[in-house]
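Biologist: I am new to this structure and would like to learn how its features are read. Could we take them one at a time, with the general idea first and the case here second?

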Amino acid sequence: MVSASLPIVGKAEVVRRRSVTSTQDVARGLPVGSIVIADHQTAGRGRLERRWEAPAGTALLVSFVLRPNPLLSLAAGVAAAEACGPRVTLKWPNDLLLEDRKLGGILVETTPGKAICGIGINLTWAPDGAALLDQPRDELFETLRERMEAWTSATPDQVLARWRELSASLGRRVRVDVSGRSTEGVAEDIGPAGELIVDGRPFVAGSVTHL
Ligand code: BT5
């Protein structure tokens with residue numbers, strides 16, 4: 001159960017840093033409940049060794065230290081989308097979209113007993129083709145923190161239902177790329193473990209392109 005394992009994010013210790021390799025690296029050494037926020041990352045990362053780019057002071061870059069739970073990435077996506085406001089939608093598995101362009105991303109990494117949930121949101125700069133959100137960073141952080149507290153204590157059914165509402169992927173034709181293999185079809189739903197169902201086939205991992 002999602003609700004059984006969750007710390008109280010609202011009472012967490014917040015570690016603020018000017019420059020780090022990645023907020024994920026700092027968070028890894030801290031106890032469950034901690035939050036790390038930085039102005040700049042010299043080696044910010046996405047999934048699969050990809051880079052996360054953000055010039056100093058242009059983005060919300062934050063990592064939450066939580067207990068592992070299988071729907072954390074989706075719960076964090078829901079929390080981040082709600083914090084960003086009603087125009088922001090979700091692309092499976094971990095993208096925040098604004099007007100169909102990538103605004104931010106979620107990265108969950110696990111260590112024994114901990115899940116490090118990193119969230120990056122573009123505020124005053126975005127790479128070509130990506131989006132940015134005109135919101136003050138500290139205000140967005142406070143709302144995100146509060147939304148994370150709410151959504152990481154929600155039941156799996158609540159998380160899945162809200163994710164479906166916020167999804168930009170469901171009902172669309174998509175291509176899923178997993179380990180060099182592509183599948184095209186309609187993204188029909190997400191399953192109980194957060195897997196994407198495309199033409200009846202579940203995908204637990206992969207990158208989705210909206211066609
Ligand atoms: C993600 O990975 O979208 C997860 C990003 C998580 C970043 C946060 S920041 C705080 C914490 N600390 C970290 O070091 N990471 C987390 P993925 O789905 O793999 O997407 C990565 C891809 O997004 C890259 O290969 C680029 O194509 C693209 N990208 C890089 N920087 C971007 C940006 N600022 N905005 C939009 N797209 C970006």
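Biologist: Which strand pairs with strand β9 in the antiparallel sense over 3 bridges?
Modeller: Strands of a sheet pair through backbone hydrogen bonds, and they do so either parallel or antiparallel. Here strand β9, residues 181-190, is joined over 3 bridges to strand β10, residues 196-198, and the two are antiparallel. Strands are DSSP runs of E with at least two residues, helices are runs of H or I with at least four, and both are numbered from the N terminus; two strands count as paired if DSSP finds at least two bridges between them. This is a predicted model, in which local features need pLDDT of at least 70 and side-chain atom pairs count only at pLDDT 80 or more, while totals for chains, interfaces and linings use all residues. Residues are numbered from 1 along each chain as its sequence is written, and side-chain values use heavy atoms, with hydrogens and water left out.

Biologist: Which residue of β10 stands opposite I190?
Modeller: I190 faces L196 across the pairing, and L196 belongs to strand β10. Because its relative accessible area is 0%, L196 is classed as buried, a term for residues under 20%, with exposed meaning over 50% and partly exposed in between (1.4 Å probe, protein chains only). The C-alpha atom of L196 is also 9.3 Å from that of S169, although 27 residues separate the two along the chain.

Biologist: What is the order of the strands in the open sheet of 5 strands?
Modeller: The order is β11-β10-β9-β8-β12, and the pairing is antiparallel. At its edges are β11 (201-203) and β12 (207-210), each of which pairs on one side only. From one strand to the next the twist averages 45°, where axes are lines fitted to C-alpha atoms (for helices over the stretch in contact) and angles run from 0 to 180 degrees between N-to-C directions.

Biologist: Which way do the residues of strand β5 point?
Modeller: In a regular strand the side chains alternate between the two faces of the sheet. In β5 (residues 95-98), D95 and L97 point one way and L96 and L98 the other, and all of them are buried. On one side, β5 is joined by 4 bridges to the antiparallel strand β4 (residues 88-91), with K91 opposite D95 and 3 residues between the strands of this hairpin. β5 also pairs with β6 in the antiparallel sense over 4 bridges; L96 stands opposite G104, and L98 has R101 as its bridge partner. The hairpin of β5 and β6 has 2 residues between the strands, and there E99 takes a positive phi near 50°.

Biologist: How much space lies in the largest pocket?
Modeller: A pocket is an open set of points on a 1 Å grid over the protein atoms alone, where a 1.4 Å probe fits and protein lies on both sides within 12 Å along at least five of seven lines; lining residues have an atom within 4 Å of a point. Points are joined across faces, edges and corners, and the volume is the space filled by probe spheres set on them. The largest pocket holds about 540 Å³, and of its 26 lining residues the closest to the centre are R47, S73, P93, V204 and A205. Strand β6 gives the most to this lining, with 4 residues.

Biologist: How much space lies in the second largest pocket?
Modeller: The second largest pocket holds about 360 Å³, and 27 residues line it, with R45, G46, R47, W52 and G105 closest to its centre. Here too β6 supplies the largest share, 4 residues.
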